[in-house]
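This briefing concerns the structure shown below.

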Amino acid sequence: MTRNPAKHPAIPSRRHWGLLGAAFAVLVAASVLLIAQTAQYFSFDFRFAFFLERPFLTTDRVWAACFYMHVAGGILCLATAPLLLWNGLARGHQGLHRALGRIHAVAALGWVGPTGLYLAPFAKGGAAGQLGFLLLGLWFVATSGLGIVAIRRRDLRAHVAWMVRSYALILSALSFRILHRVLHELGVAATTNYVASTWASLVLAIVSGEVLGRRLASTWREPALVPAAIP
Ligand code: HEM
């Protein structure tokens with residue numbers, strides 16, 4: 001039976017589904033490009049500009065291990081987050097959502113967050129750049145953790161809000177690269193560019209995550225993805 005969105009505000013209208021679908025397609029395409037680009041680090045070749053700028057760090061085994069775990073976790077988060085978002089909004093298969101969610105939680109809280117926090121004090125851009133990455137890491141761990149706590153309490157609205165905030169932070173890896181490229185083309189000096197791109201992508205992620213997270217959580221009332229009991 002097809003329900004009328006006008007009588008059920010929790011159900012998106014056809015127009016909203018169209019907008020969601022278009023936004024989703026853009027996100028998936030951009031995420032695939034970023035995954036393809038960052039996966040090149042797994043050639044384990046230290047000739048990338050990122051390594052050449054940090055020659056003293058590439059010989060540090062702990063830093064290198066954290067870096068590769070970070071990129072692997074980032075790729076997993078980028079790959080699973082749009083699927084989780086779409087599957088959740090479409091109220092798809094609970095089993096699939098939970099399996100992907102567990103992979104995402106391990107990648108976010110076990111890999112990307114802790115390794116990002118480890119890498120932060122070594123980041124380019126001095127104290128300003130390092131503080132930006134530190135805040136990104138702390139807010140990422142907090143939002144991802146609170147999203148998981150919320151669903152274990154079967155609080156779907158809070159889960160949606162926190163996971164959208166967390167996803168916006170994952171996407172800051174994408175906006176950082178776009179901003180960095182634009183500022184580079186505009187002739188902004190390398191270090192200034194790095195710090196400005198770090199902070200601009202962080203602020204954009206926090207603000208967009210807050211706005212979208214609140215909006216999606218407030219319009220999504222049906223407890224479609226909440227299983228009877230979470231083991
Ligand atoms: C959201 C939490 C994240 C935090 C806290 C974080 C933190 C960091 C830090 C501190 C660095 C080192 C910067 C430097 O040394 O100058 C870095 C680099 C990097 N991160 Fe993340 N990151 C996050 C998300 C992601 C995601 C989702 C990806 C996706 C693949 C990613 C991929 C990378 C890559 C590839 C680099 C190497 C630099 C480059 O190629 O631009 N990170 N990250």
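An angle between two axes over 145 degrees counts as roughly antiparallel, and one under 35 degrees as roughly parallel. The model is predicted. With these cut-offs, two helix pairs that share α9 can be described: α7 with α9 come within 8 Å, and α6 with α9 have axes 9 Å apart.

**Chain overview**

- The chain contains 9 helices and 0 strands.
- Read from the N terminus, the order of elements is α-α-α-α-α-α-α-α-α.
- Among the 231 residues of the chain, 28% count as buried.
- Of the contacts in the chain with a separation of 6 or more, 68% are between residues 24 or more positions apart.

**Packing of α7 with α9**

- The axes of α7 and α9 (residues 190-219) cross at roughly 155 degrees.
- The two helices, α7 and α9, are therefore roughly antiparallel to each other.
- The crossing of α7 and α9 is right-handed.
- On the α7 side, the contact involves Arg 157, Val 160, Ala 161, Val 164, Arg 165, Ala 168 and Leu 169.
- On the α9 side, the partners are Ala 205, Ser 208, Gly 209, Glu 210, Leu 212, Gly 213, Arg 214, Leu 216 and Ala 217.
- By class, the residues of the contact of α7 with α9 comprise 9 nonpolar, 3 polar and 4 charged.

**Packing of α6 with α9**

- The angle between α6 and α9 is about 25 degrees.
- The helices α6 and α9 are therefore roughly parallel to each other.
- The crossing of α6 and α9 is left-handed.
- From α6, the contact is made by Ala 128, Gly 129, Gly 132, Phe 133, Leu 135, Leu 136 and Trp 139.
- From α9, the contact is made by Tyr 194, Val 195, Thr 198, Trp 199, Leu 202 and Ile 206.
- The contact of α6 with α9 has 10 nonpolar, 3 polar and no charged residues.

**Surroundings of the ligand**

- The ligand is surrounded by 22 residues, of which the closest are Gly 74, Gly 116, Ala 123, Gly 137 and Ala 173.
- Two or more residues of the shell are given by each of α4 (61-89), α5 (94-119), α6 (126-152) and α7 (156-170).
- Helix α4 supplies the largest share of the shell around the ligand, with 6 residues.
- The shell around the ligand divides by class into 16 nonpolar, 5 polar and 1 charged residues.

Key: Residues numbered from 1 in each chain as written. Predicted model: local features only at pLDDT ≥ 70, side-chain atom pairs only at ≥ 80, totals over all residues. Near = placed C-beta within 6 Å. Helix = DSSP H or I, 4+ residues; strand = E, 2+ residues; numbered from the N terminus. Nonpolar A, V, L, I, M, F, W, Y, C, P; charged D, E, K, R; others polar. Axes fitted to C-alpha atoms, helices over the stretch in contact; angles between N-to-C directions. Parallel < 35°, antiparallel > 145°, perpendicular 65-115°, else oblique. Left-handed = near helix turned anticlockwise from the far one by under 90°. Contact = placed C-beta atoms within 7 Å. Buried ≥ 20, exposed ≤ 12 C-beta atoms within 10 Å, placed from the backbone.
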